Every structure is written in C-alpha cells, then in structure tokens.
Amino acid sequence: MINFATLDLNLLRILDALLIEGSTTRAGQRVGLSQPAISAALGRLRHALNDDLFLRRGNRLDPTEYARQIEEPLRLALEQLESALTGPLQFDPTVATDTFKLSGSDFFAEMLMPRLADTVYRRAPYMRVQLVDLVPDSYVDTLERYSVDAALIPDTDVPDWIEKRPLFLSGWAVVARTGNRRLASLGLQPGDTIPIDTFCDMGHVLFSPKATCAPWAMPPCPRLAASAVL
C-alpha cells in the first residue's frame, strides 16, 4: 500500500514524463532535470509503488502493465491539479464568447440595448447579450427561471442570495396633446413642470403592467428609483 504522507508528489510529474517520452534523457529535458536525477527518481518511484514501472528495450523504456493502467488517470489528475492551482483566467473581452442575459422592461430595450449592442460589437465582438422580458411582481422568478445575470428593476426587497445596488434615477415625463387648453392657459411650454394640483385635476390615460394599478397609486416622488440586481 502506498503511503501518500511520505510520497514526493514531484515524482508523479517525473513518472508522467517517462510515460510520455519512454526515455530518461528526454523525460529529464521535459521536466528540467538531468538524466541521473531522472534515474534516481525512477528508483524511488519503483520502491514507493512496488512495481518495476518500466522495462528497458534497447534505448527505450517500455511501461509495465501497472504503469499502463495508471497512465491516463495519472495525467488527468495532474491536469486537474494544475488547473486548480492556476486560478481563474483573466477575462479578455476581445476573444470571449460568453452570453450574458439581462432582464428589464421594454423601456430598456429602447434606452439601453442600442448603445450596449454597439459597445459590445466594438469591444467584445464574439459575445452575446440577451434582453429577457421582466415579469412584473415576480422579479426573483425571472432571475431563477431564465438564469438572468443582471436585472434592471425598481428598488424593492429581494432575497439574501441576490446582491443589489442603486444604478440610476429616472424622472417622470408627461405627454400631452399639442395645444392642450389647460396647459396653454398656464403658459406652459414643452419641458416645463406642471403644477401638481393641475396635474392631479386633469384627466389621464394610464398605461401599467399591473392590472390593479390606478392613477392615485403613482408614487408621489417625481423621481423613480431603480436598482441593478447582480
């Protein structure tokens, strides 16, 4: 039985090189050691694994049956270890092929996506960004169901597993018929602020994704807070 507590893991790299090269000289060149050092390491491997590992056939070392059996799993284990110790790769947008999913109302389809698409096309030509429809009153469900990377939603309470931060403030805008008598009587021009009493006293056409929403349910604050959920 192998005692891993005393096994020098560097010997496994040497064993892998010997399996690849079939020569102590070429294996030494692969791992940066001299031929005598490789021969000494092979002796230690034979003792630790209780197997000859290689039989000499002329100038070549042929692996034993045991060595052939462990060759593939040994190489896989070394590759996994190397990958684990290398750490995360540095992100390079010029070659990345990732797909990111954003979620938001149709408001963002017009305000955000054209400029974002142009930026992504120039800086990350192989990446894709998808805009997923936002389900009103079910923001968490949208994140879970569609595996959304980021959602642009009004500020609201979310579960602990979601990270959120303020992104921007969006102002309210009023659309009125050209020549509206009430507004004209006040001498208001496009871009002016309508007095709140006049606004509340006027008739309105309300569009809302919430069927239960009424004009008086509109937040009194003239600025609407939005959050980015990451």
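A pocket is an open set of points on a 1 Å grid over the protein atoms alone, where a 1.4 Å probe fits, with protein on both sides within 12 Å along at least five of seven lines; lining residues have an atom within 4 Å of a point. This is a predicted model, in which local features need pLDDT of at least 70 and side-chain atom pairs count only at pLDDT 80 or more, while totals for chains, interfaces and linings use all residues. Residues are numbered from 1 along each chain as its sequence is written, and side-chain values use heavy atoms, with hydrogens and water left out.

**View 1. The protein as a whole.** The protein has nine helices and seven strands (DSSP runs numbered from the N terminus: H or I of at least four residues for helices, E of at least two for strands). Of its 230 residues, 26% count as buried (buried is under 20% relative accessible area, exposed over 50%, partly exposed in between, with a 1.4 Å probe and protein chains only). Among contacts (heavy atoms within 4.5 Å) between residues at least 6 apart in sequence, 62% join residues at least 24 apart.

**View 2. The second largest pocket.** About 230 Å³ of space lies in this pocket, a volume being the space filled by probe spheres set on grid points, which are joined across faces, edges and corners. The lining is made up of R13, D16, A17, I20, R30, V31, R75, L78, E79, L81, E82 and L85. Two or more of the lining residues come from each of helix 1 (10–21), helix 2 (24–31) and helix 4 (65–86). Helix 4 gives the most, with six residues. By class, the lining has six nonpolar, no polar and six charged residues (Ala, Val, Leu, Ile, Met, Phe, Trp, Tyr, Cys and Pro count as nonpolar, Asp, Glu, Lys and Arg as charged, and the others, Gly among them, as polar).

**View 3. T24 in helix 2.** T24 is buried, with a relative accessible area of 9%. Beyond its neighbours within four places in sequence, T24 is in contact with L18, Q35, I38, S39 and L61. The side chains of T24 and Q35 make a polar contact (3.1 Å); the term stands for a pair of N or O atoms within 3.5 Å, where within protein one must be able to donate a hydrogen and the other to accept it, and residues adjacent in sequence count only if both atoms are side-chain atoms.

**View 4. L131 in strand 4 (residues 128–133).** L131 is partly exposed, at 27% relative accessible area. Residues up to four places away in sequence aside, L131 touches L102, S103, G104, F108, A109 and M113. D106 is 25 residues from L131 in sequence, and their C-alpha atoms are 9.2 Å apart in space.
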